[in-house]
Amino acid sequence: MTNATTERKQVAVNDIGSADDFLAAVELTIKSFNDGDLIEGTVVKIDRDEVLLDVGFKTEGVIPSRELSIKHDVNPDEVVEVGDSVEALVLQKEDKEGRLILSKKRAQYERAWGDVEKIKETEGVVTGTVIEVVKGGLIVDIGLRGFLPASLIELRRVRDLTPYLGQEIEAKILELDKNRNNVVLSRRALLEETQSATRSSFLAELKPGQVRKGVISSIVNFGAFVDLGGVDGLVHVSELSWKHIEHASDVVEVGQEVTVEVLSVEHDRERVSLSLKATQEDPWQVFARTHAIGQIAPGAVTKLVPFGAFVRVADGIEGLVHISELSGQHVELAEQVVSAGQEVFVKIIDIDLERRRISLSLKQANEGVDPEGAEFDPALYGMTTEYDENGEYKYPEGFDPETQDWKEGFESQREKWEQEYAAAQERWEAHKKQVAASAAEIAAAPASEDAAAGSSFSSDSASAGALADDEALAALKAQLEGN
């Protein structure tokens, strides 16, 4: 065997050196990390409790599921996918099992703090998604867990926070404390800021006398606030209704749509005064339009006074029955004839629209009413009656005076007329019953009671003309005139 055949051929050149040199070269290909470093890697495996990340280390980095997101109890599959490039923070270079422990949420946290601090310095706006509803407010994901108090979500306090879950919202940063990991947000501050220009423009266009539509936004002891579309105006309790009310809730409720009139606008204080009753017809105007002097109207006695009794004849409308108009017999006290709460029929003897007063008479209402009578005048009991310029009766539209019947095609007019007629007739029948009952009471009263000093009635002819009676009447007249 020759030397040529026994020599081994060299197939590679050892340019590394010794075995130690080789291990050193391998070490150089492996990245080195320290606790707290921010590194990038690729997701290679997703388990229920952790995610494995290839970061170029001798072993994969491990991100425990609790370190994946600032959300609590998340499913890893909802946060990352295999192949995703992820930034993570080194929590522990080597745990007791030799693993590299990483945190995605800490890396996100560190990055976010820097961004949020810059936004806070420039008084900018952060955008995030509501991830939790907690006691007193919302948790918003802005890279950090930002707390948005319930009182700072809207311009007004919100009671139900659930609808905000999952919504993306914008907010201003109120407080920022990295040591305490505290971030407080305010959406209301942003809304106030963005609406300021709109509000100023809206107020500039608002003029007294304008009629606007709005929604009752809140009710307070002194009235109700109406949202006119970004600007709230106050309807004082005195401007809510023509009639006297104790509280705004007697008339309106939150969320109710209303039509209001602008009374005044204070631009410097951004205050708007409104009126609800100004958009509604004055009940006195309604009464004057639907009633006439001489009509008989049903009512209820509301108050007794030395000079007579007040009777409510419509909602918010009260008239006086003077003591001299209570009965055809002499009356010294109103309670001798009527009592508070009693239902009566009265005759309208005067309407003073300017002074908002009406005068009524119980005596005249009952005069000439025959409880057994059959002659009925519907106009006397509130049925609408019209006359032309010559004083001739105007028949209702669709009624033929020659045939005394209704024409075809006027069914709705006929129905309305018949309803009004029936209502007037019902009032007439009730009035006759009242007159009959009153007559029965007088007839049943013993004759001795009529002559007694404390009687309810004194006959004009019985002891009339006695000096004592005349003096008493004169004294009463002087007292009434003094009132």
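**Figure 1. Overview of the chain in a predicted model.** Among contacts between residues at least 6 apart in sequence, 59% join residues at least 24 apart. The chain holds 10 helices and 24 strands. Of its 483 residues, 32% count as buried. The close-ups below come from this predicted model.

**Figure 2. The second largest pocket and its lining.** The volume of this pocket is about 630 Å³. Its lining is made up of 17 residues. Nearest the centre lie Glu 154, Leu 155, Arg 156, Arg 157 and Asp 232. By class, the lining of the pocket splits into 10 charged, four polar and three nonpolar residues. Helix H5, residues 187-205, gives the most to this lining, with five residues.

**Figure 3. Helix H6 and its buried residues.** H6 spans residues 283-290. Pro 283, Trp 284 and Phe 287 are the buried residues of this helix. Seen down the axis of H6, they fall within an arc of 100 degrees, so they line one face of the helix. The N-terminal end of H6 is capped by Asp 282. A side-chain oxygen of Asp 282 lies 2.9 Å from the backbone nitrogen of Trp 284.

**Figure 4. Ile 216 in strand S11.** The strand runs over residues 211-220. Ile 216 counts as buried because its relative accessibility is 3%, and the cut-off for buried is under 20%. Gly 233 is 17 residues from Ile 216 along the chain. The C-alpha atoms of Ile 216 and Gly 233 are separated by 9.6 Å.

**Figure 5. Positive phi at Arg 356 and at Gln 404.** Most residues other than glycine have a negative phi. Arg 356 has a positive phi, near 55 degrees. Arg 356 is partly exposed, with a relative accessible area of 34%. Gln 404 is not a glycine, yet its phi is positive, at about 55 degrees. Gln 404 lies in the loop between strand S23 (399-400) and strand S24 (405-406).

Key. Residues are numbered from 1 along each chain as its sequence is written. This is a predicted model: local features need pLDDT of at least 70, side-chain atom pairs count only at pLDDT 80 or more; totals for chains, interfaces and linings use all residues. Side-chain values use heavy atoms; hydrogens and water are left out. On a 1 Å grid over the protein atoms alone, a cavity is a set of points where a 1.4 Å probe fits but cannot get out, and a pocket is an open set with protein on both sides within 12 Å along at least five of seven lines; lining residues have an atom within 4 Å of a point. Grid points are joined across faces, edges and corners, and a volume is the space filled by probe spheres set on the points. Helices (H or I, at least four residues) and strands (E, at least two) are DSSP runs, numbered from the N terminus. Ala, Val, Leu, Ile, Met, Phe, Trp, Tyr, Cys and Pro count as nonpolar, Asp, Glu, Lys and Arg as charged, and the others, Gly among them, as polar. Buried means under 20% relative accessible area, exposed over 50%, partly exposed in between (1.4 Å probe, protein chains only). The arc is that of the directions from the helix axis to the C-beta atoms. A polar contact is a pair of N or O atoms within 3.5 Å; within protein, one must be able to donate a hydrogen and the other to accept it, and residues adjacent in sequence count only if both atoms are side-chain atoms. Contact means heavy atoms within 4.5 Å.
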